[in-house]
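The following exercises are to be worked with the sequence and the model at hand. Each task is followed by a solution in steps.

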Amino acid sequence: GVEGELYLLKDTKGRGFLVRLRPGGVFHHHKGTVPHEAIREAGPGGRVETHLGEVLSVHRPTLEEYVLHMRRSATPTYPKDASAMVTLLDLAPGMRVLEAGTGSGGLTLFLARAVGKEGLVESYEKRPHHLKQAVENVKGFWQVENVRFHAQGLEEAHLPPEGFHGVALDLMEPWKVLSKAVEALMPDRFLVAYLPNITQVLELIRAAEGLPIRLERVLEVGWREWEVRLPVAHPRFQQVGHTAFLVAFRKWKVS
Ligand code: SAM
(Lines give C-alpha, C1' and ligand atoms only; values in the text may rest on other atoms or scores of the structure.)
Protein backbone atom coordinates (compact mmCIF):
# COMPACT_ATOMS: atom_id res chain seq x y z
CA GLY A 1 0.00 0.00 0.00
CA VAL A 2 1.01 3.66 -0.20
CA GLU A 3 -0.53 4.69 3.13
CA GLY A 4 2.39 5.01 5.54
CA GLU A 5 5.36 7.32 5.15
CA LEU A 6 8.27 5.91 3.20
CA TYR A 7 11.74 5.90 4.76
CA LEU A 8 15.16 4.51 3.94
CA LEU A 9 17.34 3.34 6.82
CA LYS A 10 21.09 2.97 6.32
CA ASP A 11 23.35 0.92 8.55
CA THR A 12 27.01 1.68 9.30
CA LYS A 13 28.09 -0.49 6.33
CA GLY A 14 26.02 1.71 4.04
CA ARG A 15 23.37 -0.91 3.32
CA GLY A 16 19.92 0.55 2.76
CA PHE A 17 16.49 -0.72 3.77
CA LEU A 18 13.16 0.69 2.62
CA VAL A 19 10.57 0.94 5.39
CA ARG A 20 6.90 1.89 5.07
CA LEU A 21 5.79 3.12 8.50
CA ARG A 22 2.64 1.64 10.03
CA PRO A 23 1.09 1.98 13.49
CA GLY A 24 2.77 -0.43 15.91
CA GLY A 25 5.24 -1.57 13.24
CA VAL A 26 8.76 -2.78 14.02
CA PHE A 27 11.81 -2.71 11.74
CA HIS A 28 14.01 -5.80 11.91
CA HIS A 29 17.72 -5.54 11.20
CA HIS A 30 20.12 -8.42 11.85
CA LYS A 31 21.65 -6.17 14.51
CA GLY A 32 18.40 -5.53 16.36
CA THR A 33 14.98 -3.97 16.04
CA VAL A 34 13.56 -0.42 15.96
CA PRO A 35 9.91 0.55 16.46
CA HIS A 36 8.50 2.50 13.50
CA GLU A 37 7.48 5.21 15.95
CA ALA A 38 11.17 5.87 16.76
CA ILE A 39 11.89 6.25 13.04
CA ARG A 40 9.09 8.79 12.70
CA GLU A 41 10.40 10.74 15.71
CA ALA A 42 13.97 10.80 14.35
CA GLY A 43 12.70 12.04 10.97
CA PRO A 44 14.61 12.50 7.68
CA GLY A 45 18.27 13.27 8.35
CA GLY A 46 18.06 11.85 11.87
CA ARG A 47 19.37 8.68 13.51
CA VAL A 48 17.90 5.76 15.42
CA GLU A 49 19.48 2.96 17.44
CA THR A 50 18.41 -0.68 17.46
CA HIS A 51 17.84 -2.42 20.79
CA LEU A 52 21.30 -3.95 20.27
CA GLY A 53 22.98 -0.57 19.82
CA GLU A 54 23.41 -0.49 16.00
CA VAL A 55 23.04 3.07 14.71
CA LEU A 56 20.94 3.56 11.58
CA SER A 57 20.58 6.83 9.69
CA VAL A 58 17.05 7.84 8.70
CA HIS A 59 16.25 9.21 5.24
CA ARG A 60 13.62 9.89 2.63
CA PRO A 61 14.74 7.61 -0.22
CA THR A 62 16.04 9.35 -3.32
CA LEU A 63 14.71 8.06 -6.63
CA GLU A 64 18.00 6.22 -7.17
CA GLU A 65 17.82 4.59 -3.73
CA TYR A 66 14.18 3.69 -4.23
CA VAL A 67 14.75 1.99 -7.60
CA LEU A 68 17.71 0.01 -6.25
CA HIS A 69 15.75 -1.20 -3.21
CA MET A 70 12.14 -1.55 -4.39
CA ARG A 71 10.55 -4.94 -5.12
CA ARG A 72 11.17 -6.09 -8.64
CA SER A 73 9.51 -8.38 -11.11
CA ALA A 74 11.76 -7.58 -14.07
CA THR A 75 15.23 -6.04 -13.60
CA PRO A 76 14.83 -2.24 -13.48
CA THR A 77 16.82 0.03 -15.75
CA TYR A 78 19.94 0.90 -13.79
CA PRO A 79 19.60 4.47 -12.42
CA LYS A 80 22.77 5.74 -14.14
CA ASP A 81 21.27 4.56 -17.43
CA ALA A 82 17.73 5.80 -16.69
CA SER A 83 19.04 9.30 -15.97
CA ALA A 84 21.09 9.21 -19.20
CA MET A 85 17.96 8.17 -21.10
CA VAL A 86 16.12 11.21 -19.74
CA THR A 87 18.94 13.38 -21.10
CA LEU A 88 19.10 11.63 -24.49
CA LEU A 89 15.30 11.95 -24.79
CA ASP A 90 15.66 15.64 -23.92
CA LEU A 91 12.62 15.45 -21.63
CA ALA A 92 11.18 18.54 -20.02
CA PRO A 93 8.05 19.36 -17.96
CA GLY A 94 4.82 19.01 -19.92
CA MET A 95 6.07 16.47 -22.48
CA ARG A 96 4.39 13.18 -23.38
CA VAL A 97 6.50 10.00 -23.45
CA LEU A 98 5.75 6.51 -24.70
CA GLU A 99 7.37 3.65 -22.77
CA ALA A 100 7.57 -0.15 -23.20
CA GLY A 101 8.01 -2.46 -21.32
CA THR A 102 7.09 -1.08 -17.95
CA GLY A 103 8.85 -3.98 -16.17
CA SER A 104 9.17 -3.01 -12.49
CA GLY A 105 8.49 0.67 -13.16
CA GLY A 106 12.02 1.92 -12.50
CA LEU A 107 12.47 3.82 -15.74
CA THR A 108 8.82 4.90 -15.58
CA LEU A 109 9.63 6.86 -12.42
CA PHE A 110 12.55 8.67 -14.05
CA LEU A 111 10.36 9.56 -17.04
CA ALA A 112 7.41 10.63 -14.88
CA ARG A 113 9.57 12.94 -12.76
CA ALA A 114 11.16 14.49 -15.85
CA VAL A 115 7.85 15.37 -17.54
CA GLY A 116 6.21 16.50 -14.30
CA LYS A 117 2.56 16.91 -13.43
CA GLU A 118 1.65 18.65 -16.70
CA GLY A 119 3.30 15.84 -18.66
CA LEU A 120 2.29 12.24 -19.34
CA VAL A 121 3.93 8.82 -19.52
CA GLU A 122 2.01 6.16 -21.44
CA SER A 123 3.56 2.85 -20.43
CA TYR A 124 2.90 -0.57 -22.02
CA GLU A 125 3.65 -3.93 -20.41
CA LYS A 126 2.57 -7.26 -21.85
CA ARG A 127 3.01 -9.35 -18.69
CA PRO A 128 0.23 -8.65 -16.16
CA HIS A 129 2.21 -9.63 -13.08
CA HIS A 130 5.06 -7.31 -14.08
CA LEU A 131 2.59 -4.49 -14.57
CA LYS A 132 1.01 -5.10 -11.17
CA GLN A 133 4.41 -4.78 -9.48
CA ALA A 134 5.20 -1.69 -11.54
CA VAL A 135 1.96 0.06 -10.58
CA GLU A 136 2.66 -0.69 -6.91
CA ASN A 137 6.25 0.56 -7.23
CA VAL A 138 5.37 3.75 -9.08
CA LYS A 139 2.49 4.66 -6.76
CA GLY A 140 4.64 3.83 -3.75
CA PHE A 141 7.05 6.63 -4.60
CA TRP A 142 5.29 9.08 -6.86
CA GLN A 143 1.82 10.39 -6.04
CA VAL A 144 1.51 12.58 -9.15
CA GLU A 145 -1.02 11.05 -11.57
CA ASN A 146 0.93 11.51 -14.79
CA VAL A 147 1.41 7.84 -15.70
CA ARG A 148 -1.07 5.75 -17.69
CA PHE A 149 -0.43 2.01 -17.47
CA HIS A 150 -1.51 -0.32 -20.25
CA ALA A 151 -1.64 -4.10 -19.78
CA GLN A 152 -0.78 -4.71 -23.40
CA GLY A 153 2.13 -5.40 -25.70
CA LEU A 154 3.17 -2.30 -27.61
CA GLU A 155 2.30 -4.25 -30.80
CA GLU A 156 -1.40 -4.07 -29.87
CA ALA A 157 -1.46 -0.43 -28.80
CA HIS A 158 -3.52 2.24 -30.56
CA LEU A 159 -1.22 5.23 -30.64
CA PRO A 160 -1.80 8.79 -31.85
CA PRO A 161 0.41 9.48 -34.93
CA GLU A 162 3.27 11.81 -33.96
CA GLY A 163 1.68 12.06 -30.50
CA PHE A 164 4.82 11.71 -28.33
CA HIS A 165 7.84 13.89 -27.57
CA GLY A 166 9.88 10.76 -26.89
CA VAL A 167 9.88 6.95 -26.91
CA ALA A 168 11.76 4.85 -24.36
CA LEU A 169 12.12 1.12 -25.05
CA ASP A 170 13.45 -1.42 -22.56
CA LEU A 171 12.37 -4.77 -23.97
CA MET A 172 14.10 -7.77 -25.52
CA GLU A 173 13.05 -7.40 -29.13
CA PRO A 174 12.52 -3.69 -29.82
CA TRP A 175 12.81 -4.23 -33.62
CA LYS A 176 9.36 -5.89 -33.45
CA VAL A 177 7.73 -2.64 -32.30
CA LEU A 178 10.08 -0.14 -33.91
CA SER A 179 8.00 0.99 -36.91
CA LYS A 180 4.93 1.38 -34.68
CA ALA A 181 6.89 3.38 -32.11
CA VAL A 182 8.41 5.60 -34.82
CA GLU A 183 4.95 6.46 -36.19
CA ALA A 184 3.95 7.64 -32.73
CA LEU A 185 7.03 9.89 -32.39
CA MET A 186 7.05 13.60 -33.27
CA PRO A 187 9.47 14.79 -35.96
CA ASP A 188 12.95 15.76 -34.75
CA ARG A 189 12.41 13.94 -31.45
CA PHE A 190 14.15 10.86 -30.02
CA LEU A 191 13.60 7.17 -29.56
CA VAL A 192 16.00 5.60 -27.07
CA ALA A 193 16.41 1.87 -26.56
CA TYR A 194 18.14 0.14 -23.65
CA LEU A 195 19.82 -3.10 -24.74
CA PRO A 196 22.16 -5.40 -22.76
CA ASN A 197 23.68 -7.11 -25.83
CA ILE A 198 25.54 -5.56 -28.74
CA THR A 199 23.91 -8.13 -31.04
CA GLN A 200 20.55 -6.58 -30.11
CA VAL A 201 21.92 -3.14 -30.90
CA LEU A 202 22.99 -4.25 -34.37
CA GLU A 203 19.67 -5.95 -35.04
CA LEU A 204 17.79 -2.80 -34.04
CA ILE A 205 19.95 -0.60 -36.27
CA ARG A 206 19.29 -2.98 -39.16
CA ALA A 207 15.54 -2.78 -38.49
CA ALA A 208 15.73 1.02 -38.59
CA GLU A 209 16.77 0.99 -42.26
CA GLY A 210 13.87 2.23 -44.34
CA LEU A 211 12.20 3.96 -41.38
CA PRO A 212 12.18 7.77 -41.05
CA ILE A 213 14.77 7.81 -38.27
CA ARG A 214 18.50 8.41 -38.17
CA LEU A 215 20.86 6.65 -35.78
CA GLU A 216 22.28 9.39 -33.55
CA ARG A 217 24.40 7.55 -31.02
CA VAL A 218 25.27 4.28 -29.34
CA LEU A 219 26.82 4.56 -25.91
CA GLU A 220 27.48 3.04 -22.54
CA VAL A 221 27.30 5.05 -19.34
CA GLY A 222 30.47 4.79 -17.29
CA TRP A 223 29.96 5.41 -13.59
CA ARG A 224 33.00 4.56 -11.49
CA GLU A 225 32.57 4.80 -7.74
CA TRP A 226 35.49 5.68 -5.48
CA GLU A 227 36.17 4.56 -1.95
CA VAL A 228 37.18 7.59 0.08
CA ARG A 229 38.45 6.94 3.60
CA LEU A 230 40.82 9.79 4.31
CA PRO A 231 43.75 9.82 4.04
CA VAL A 232 43.31 7.16 1.33
CA ALA A 233 41.12 7.23 -1.75
CA HIS A 234 40.95 4.81 -4.67
CA PRO A 235 38.38 3.44 -7.14
CA ARG A 236 36.17 0.83 -5.48
CA PHE A 237 37.40 -2.69 -6.07
CA GLN A 238 33.86 -3.85 -6.77
CA GLN A 239 32.05 -1.86 -9.41
CA VAL A 240 28.78 -2.27 -11.27
CA GLY A 241 29.95 -4.02 -14.44
CA HIS A 242 28.22 -3.91 -17.78
CA THR A 243 24.55 -2.95 -17.67
CA ALA A 244 23.40 -2.07 -21.18
CA PHE A 245 23.94 -0.04 -24.33
CA LEU A 246 21.83 3.02 -25.04
CA VAL A 247 20.81 3.54 -28.66
CA ALA A 248 19.31 6.88 -29.69
CA PHE A 249 17.49 7.56 -32.96
CA ARG A 250 16.10 10.90 -34.16
CA LYS A 251 13.04 11.18 -36.37
CA TRP A 252 12.95 12.83 -39.79
CA LYS A 253 10.02 14.96 -40.80
CA VAL A 254 7.76 12.78 -42.94
CA SER A 255 6.42 14.92 -45.77
N1 SAM B 1 12.61 -0.56 -17.62
C2 SAM B 1 11.96 -1.45 -16.68
C3 SAM B 1 12.24 -1.00 -15.26
O4 SAM B 1 13.02 -0.03 -15.08
O5 SAM B 1 11.69 -1.59 -14.31
C6 SAM B 1 12.35 -2.90 -16.88
C7 SAM B 1 11.87 -3.48 -18.19
S8 SAM B 1 12.07 -5.23 -18.30
C9 SAM B 1 13.79 -5.45 -18.51
C10 SAM B 1 11.40 -5.61 -19.87
C11 SAM B 1 9.88 -5.73 -19.87
O12 SAM B 1 9.36 -5.62 -21.18
C13 SAM B 1 9.37 -7.06 -19.32
O14 SAM B 1 8.54 -6.81 -18.22
C15 SAM B 1 8.59 -7.66 -20.49
O16 SAM B 1 7.45 -8.36 -20.07
C17 SAM B 1 8.22 -6.42 -21.27
N18 SAM B 1 7.97 -6.59 -22.71
C19 SAM B 1 8.67 -7.35 -23.58
N20 SAM B 1 8.20 -7.20 -24.84
C21 SAM B 1 7.17 -6.31 -24.75
C22 SAM B 1 6.28 -5.72 -25.71
N23 SAM B 1 6.36 -6.04 -26.99
N24 SAM B 1 5.35 -4.82 -25.29
C25 SAM B 1 5.28 -4.50 -23.97
N26 SAM B 1 6.08 -5.02 -23.02
C27 SAM B 1 7.02 -5.91 -23.40
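**Exercise 1: Helix α3**

Just after α3, D90 takes a positive phi of about 55 degrees. Helices (H or I, at least four residues) and strands (E, at least two) are DSSP runs, numbered from the N terminus. The model is a predicted one, in which local features need pLDDT of at least 70, side-chain atom pairs count only at pLDDT 80 or more, and totals for chains, interfaces and linings use all residues. Residues are numbered from 1 along each chain as its sequence is written.

Task: Determine which residues of α3 are buried, and what they pack against.

Solution. 
Step 1. A residue is buried if 20 or more other C-beta atoms lie within 10 Å of its own, exposed if 12 or fewer, and partly exposed in between, with C-beta atoms placed from the backbone.
Step 2. The buried residues of α3 are P79, D81, A82, A84, M85, V86 and L88.
Step 3. Because 7 of the 10 residues of α3 (residues 79-88) are buried, the helix is largely enclosed by the rest of the structure.
Step 4. These buried residues pack against α2 (63-69), α4 (106-115), β10 (164-169), β11 (185-195) and β15 (245-251).

**Exercise 2: The strands paired with β1**

Task: Describe how β1 pairs with β2 and with β6.

Solution. 
Step 1. Two strands pair if DSSP finds at least two bridges between them.
Step 2. β1 and β2 are antiparallel over 5 bridges, and K10 stands opposite G16 in β2.
Step 3. The hairpin of β1 and β2 has 5 residues between the strands, and G14 there takes a positive phi near 85 degrees.
Step 4. β1 also pairs in the antiparallel sense with β6 (residues 55-59), over 3 bridges; L9 stands opposite V58 in β6.

Key: Contact = placed C-beta atoms within 7 Å.
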